[in-house]
Amino acid sequence: MGISDIADGLGRRIEGLGASVSEGLFEPVIRLGVTGLSRAGKTVFITSLVANLLDRGRMPALVGASNIRAAFLQPQPDDTVPRFDYERYLGALTGPAPHWPEGTRAVSELRLSFRVAPTGLLGGLRGLRTVHLDIVDYPGEWLLDLGLMEKSYAQWSEGVLARIGARPGAAAFAAALAAADLTARFDEPAAKALAEAFTAHLHAAREAGFSDCSPGRFLLPGEMAGSPVLTFAPVPPGEYPRGSLGHEMARRYAAYKSQVVKPFFRDHFARIDRQVVLVDVLGAIHAGPAALEDLRQSMASILQAFRPGTAGFLASLLGGRRVERILFAATKADHLHHSQHARLTAITGALLREAKDRADFAGAKTQALSIAALRTTTEESIAHDGVELPAVRGRLADGRSVALYPGELPLDPAQLLAPARDGARHWLGADYSIMAFAPAAVSLRPGEGPPHIRLDRAAEFLIGDKL
Ligand SMILES: Nc1nc2c(ncn2[C@@H]2O[C@H](COP(=O)(O)OP(=O)(O)OP(=O)(O)O)[C@@H](O)[C@H]2O)c(=O)[nH]1
Ligand SMILES: [Mg+2]
């Protein structure tokens with residue numbers, strides 16, 4: 001740990017104290033982090049959660065909802081973070097031609113404030129309290145970058161090169177690597193060619209359903225696109241003299257850590273109180289055993305961020321502060337008939353099991369749930385060879401209505417996780433499908449948010465105790 005790390009840690013702690021003293025006395029702020037890998041469902045989750053907290057008719061499991069006298073959006077407190085574009089996303093999901101919002105590229109934030117009636121014995125004597133909920137949307141890939149903080153460039157390179165082996169685009173990257181002379185004098189076009197081949201591989205791997213496509217900013221560069229911190233790639237072990245291409249790559253890797261990874265953890269992650277981690281378990285099962293195993297390993301890396309005791313860098317930033325509650329939510333459960341939801345939850349729990357067993361997340365409360373932030377289907381049973389199958393029906397983007405029987409998830413999660421871990425190429429004797437259902441056209445009644453599955457349970461776990 002360097003002097004600057006210590007100073008940063010101290011600065012945060014003092015700043016953090018200031019915030020908690022003034023806000024703690026007057027208006028409590030809950031900072032809710034929403035994360036998940038690309039396409040996990042973060043934007044849809046936040047949009048539907050906010051809509052359902054503003055209009056709470058579909059939130060029976062949120063017990064404190066009856067204490068809420070008013071809920072309203074406010075300007076968010078951080079001047080340099082983009083606002084989560086709630087109105088636009090809600091318009092996309094529930095407007096006249098419902099469609100999914102586009103993918104997001106960066107951190108964004110929204111403040112929802114509640115006026116809450118006092119509860120308890122002396123409740124009647126006090127006025128309404130204000131509780132602020134600051135929701136922060138950030139890519140899970142950025143948490144994967146925490147793994148880089150403890151790795152030297154050589155260690156990181158070795159790990160990546162071993163992992164990507166047969167993945168899409170890896171051969172083209174290997175060819176680019178073979179063509180490059182890493183000991184030759186550094187020149188920018190050569191660095192760029194390698195970084196581009198590596199980035200192309202990351203994109204292809206993500207398309208194919210792989211989860212660990214870090215460094216996170218390579219896929220989501222935002223305003224850093226093309227800058228030197230994103231223009232490096234892993235290289236084989238070797239002696240790279242000063243001024244060489246290989247040496248400059250190592251320097252840029254170090255710059256990525258100090259100028260990209262560290263500021264994210266300091267400015268965003270370190271301030272989170274409650275966290276929801278969205279996981280597209282069904283999508284990974286559909287993509288096959290390799291994708292499910294990669295998801296498991298990626299989640300294990302992501303969850304490292306929530307046990308800061310082991311990571312020196314993060315421990316010094318957090319200074320004893322911790323996330324109090326973590327919800328692991330399998331998203332898009334509306335692809336399944338409700339009779340299969342418990343199995344999806346069990347698979348999600350098992351997927352995270354190892355990571356959870358290694359530590360108890362420093363005392364944080366955790367829960368696993370299967371949810372759909374926006375329910376796009378209705379349930380029905382379809383007759384197939386004389387058997388009634390529990391199915392769901394939804395609408396495709398072209399307007400066709402189709403019934404889907406996604407396959408029966410096993411009762412025992414090991415039936416999926418074990419073959420995945422053993423490197424199976426296909427699921428044996430089973431086929432799991434999902435469909436690109438479009439959001440259903442809804443006409444929301446006054447006081448009701450968009451239809452969902454268990455979003456109220458998620459909200460109760462995350463913020464129920466503060467209402
Ligand atoms: N059926 C169903 N599909 C969903 C639901 N939530 C998300 N999806 C699907 O998942 C896709 C990704 O959802 P987003 O909310 O944009 O995911 P994200 O995590 O914000 O994605 P990035 O911003 O690209 O990282 C959507 O376009 C939908 O196709 C849901 O509740 N039900
Ligand atoms: Mg998004």
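Mentor: An oxygen atom of ligand 1 lies 2.8 Å from a polar backbone atom of Val-44, a polar contact in the sense of a pair of N or O atoms within 3.5 Å. This is a predicted model, in which local features need pLDDT of at least 70 and side-chain atom pairs count only at pLDDT 80 or more, while totals for chains, interfaces and linings use all residues. Residues are numbered from 1 along each chain as its sequence is written, chains are lettered from A and ligands numbered from 1 in the order in which they are written, and side-chain values use heavy atoms, with hydrogens and water left out.

Trainee: What percentage of the accessible area of ligand 1 does the protein cover?

Mentor: On its own, ligand 1 has 640 Å² of accessible area, computed by the Shrake-Rupley method with a 1.4 Å probe. The share of this area that the protein covers is 92%.

Trainee: Which side chain has a polar atom 2.8 Å from an oxygen atom of ligand 1?

Mentor: The shell holds 18 residues, with Arg-39, Lys-42 and Val-44 among the closest, where being near means having a heavy atom within 4 Å. The side chain with a polar atom 2.8 Å from a ligand 1 oxygen belongs to Thr-43.

Trainee: How many residues apart are Thr-43 and Thr-104?

Mentor: Thr-43 sits in helix 2 (residues 42-54), whereas Thr-104 is in the loop between helix 3 (86-94) and strand 3 (108-116); helices (H or I, at least four residues) and strands (E, at least two) are DSSP runs, numbered from the N terminus. The pair thus links distant parts of the chain, and the separation in residues is 61.

Trainee: Is Thr-43 buried or exposed?

Mentor: Buried means under 20% relative accessible area, exposed over 50%, and partly exposed in between, with a 1.4 Å probe and protein chains only. Thr-104, at 24%, is partly exposed. Thr-43 has a relative accessible area of 8%, and therefore Thr-43 is buried.

Note on methods
Polar contact = N/O pair within 3.5 Å; in protein donor to acceptor, adjacent residues only side chain to side chain.
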